[in-house]
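Hi there,

Here is the structure I promised to pass on to you. Have a look at it first, and then read on for what I found in it.

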Amino acid sequence: MERKPIRLSGTSYAVLALLSHLGESTPYDLKQALVRSIENFWQVPHTTFYAEPARLAAAGYLSERQEQHGRRRKLYALTDQGRAALDEWVASPVAAPQEVRDEAILKVFAGADPAPLLHRRREWHATKLAELEGYAQHDEWRLTDHTGPTRTLATGIAYHRFSLSAIDAYLAALEAGDQPW
């Protein structure tokens with residue numbers, strides 16, 4: 001059976017990477033792992049993510065089997081083709097430029113007072129930092145025995161610490177009546 005080639009997207013590679021770490025998994029298992037790992041640095045729409053394993057299976061990148069009893073859930077695993085695609089993508093030194101898509105910055109550009117926005121943003125970064133530090137302490141990722149997830153967790157922790165420091169410096173400059181830049 002010849003399969004129709006498909007274009008692999010960032011969501012495709014997120015699914016392939018999760019299956020590489022988790023092994024055979026249901027879409028629900030993948031989504032749970034996504035929330036605790038990849039979504040901390042790569043946002044994936046839920047509807048797109050749930051549809052992606054079936055799309056990848058139809059193209060030969062994943063195997064699919066259905067449980068015979070119980071809830072008859074579908075389980076997906078990497079095929080050789082899926083492993084090869086993931087390995088090739090990982091080995092490539094090319095990555096799209098980082099995008100900044102921050103509504104608070106857009107509001108400031110449009111004339112909003114930055115202080116209230118930054119206070120709320122500071123709360124969010126502090127909460128997210130505590131969440132990631134909790135993952136680091138309690139092995140909730142079920143992925144921490146792999147170098148990539150551990151490195152991205154450390155990167156996320158450093159990012160939120162840096163963001164808190166930058167926000168604090170900006171707010172201090174505003175409160176002192178100085179220009180923060």
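Leu19 is found in helix α1. Is this residue, Leu19, buried or exposed? With a relative accessible area of 3%, Leu19 is buried, because anything under 20% counts as buried. Before you go further, please keep in mind that this is a predicted model.

What does Leu19 touch, if residues up to four places away in sequence are not counted? The list is Ser25, Leu30, Leu62, Tyr76, Ala77 and Leu78.

One partner of Leu19, Leu62, deserves a stop of its own. Leaving aside neighbours within four places in sequence, Leu62 is in contact with Val15, Leu16, Leu19, Pro53, Leu56, Ala57, Tyr76, Ala77, Leu78 and Thr79. In soluble globular proteins, nonpolar side chains tend to be buried together. Here, the largest nonpolar core has 23 residues, and those with the most contacts inside it are Leu18 and Leu62. At least two residues of this core come from each of α1 (10-22), α2 (27-36), α3 (46-58) and α4 (80-91). Which helix gives the most to this core? That is α1, with eight residues. Apart from this core lies another one, of six residues, among them Leu129, Leu153, Ile157 and Leu164.

Next, go to His160, which has its place in helix α7 (residues 147-175). His160 counts as buried, at 3% relative accessibility. Its contacts, leaving aside neighbours within four places in sequence, are Trp124, His125, Lys128, Leu129 and Leu132. You have already met Leu129 as one of the residues of the six-residue core.

Now for some residues with more of their surface showing.

- Asp80 is found in helix α4 and is exposed, with a relative accessible area of 70%. That follows because exposed means over 50%. Asp80 and Gly60 are 20 residues apart along the chain, and their C-alpha atoms are separated by 8.9 Å.
- Phe41 has its place in the loop between α2 and α3. Phe41 is partly exposed, with a relative accessible area of 49%. Phe41 and Gly23 are 18 residues apart in sequence, and 22 Å apart in space from C-alpha to C-alpha.
- Arg72 is found in the loop between β1 (62-66) and β2 (74-78). At 40% relative accessibility, Arg72 counts as partly exposed. Have a look at its backbone too: Arg72 is not a glycine, although it has a positive phi of about 55°.

With those places in mind, zoom out to the whole chain. How many helices and strands are there in the protein? There are seven helices and two strands, and along the sequence they follow the pattern α-α-α-β-β-α-α-α-α. The radius of gyration is 20 Å, well over the 16 Å that the globule rule gives for 181 residues, so the protein is more spread out than a compact globule. Along its principal axes, the C-alpha trace spans about 70 × 35 × 30 Å.

A few totals complete the picture. Of the 181 residues in the protein, 33% are buried. Among contacts between residues at least 6 apart in sequence, 58% join residues at least 24 apart. The protein exposes about 12000 Å², and carbon and sulfur atoms supply 54% of that area. As for charge, there are 21 positive and 23 negative charges, and their mean positions are 7 Å apart.

Enjoy exploring, and write back with any questions!

Best wishes

Terms used:
Residues numbered from 1 in each chain as written. Predicted model: local features only at pLDDT ≥ 70, side-chain atom pairs only at ≥ 80, totals over all residues. Heavy atoms only, no water. Helix = DSSP H or I, 4+ residues; strand = E, 2+ residues; numbered from the N terminus. Rg over C-alpha atoms; globule rule 2.2 N^0.38 Å. Buried < 20%, exposed > 50% of the residue type's maximum accessible area, 1.4 Å probe, protein only. Contact = heavy atoms within 4.5 Å. Areas by Shrake-Rupley, 256 points an atom, 1.4 Å probe, with all protein chains shown as cover. Lys, Arg positive; Asp, Glu negative; His and termini not counted. Charge placed at Lys NZ, Arg CZ, Asp CG, Glu CD. Core = buried A, V, L, I, M, F, W, Y, C linked by side-chain atoms within 4.5 Å.
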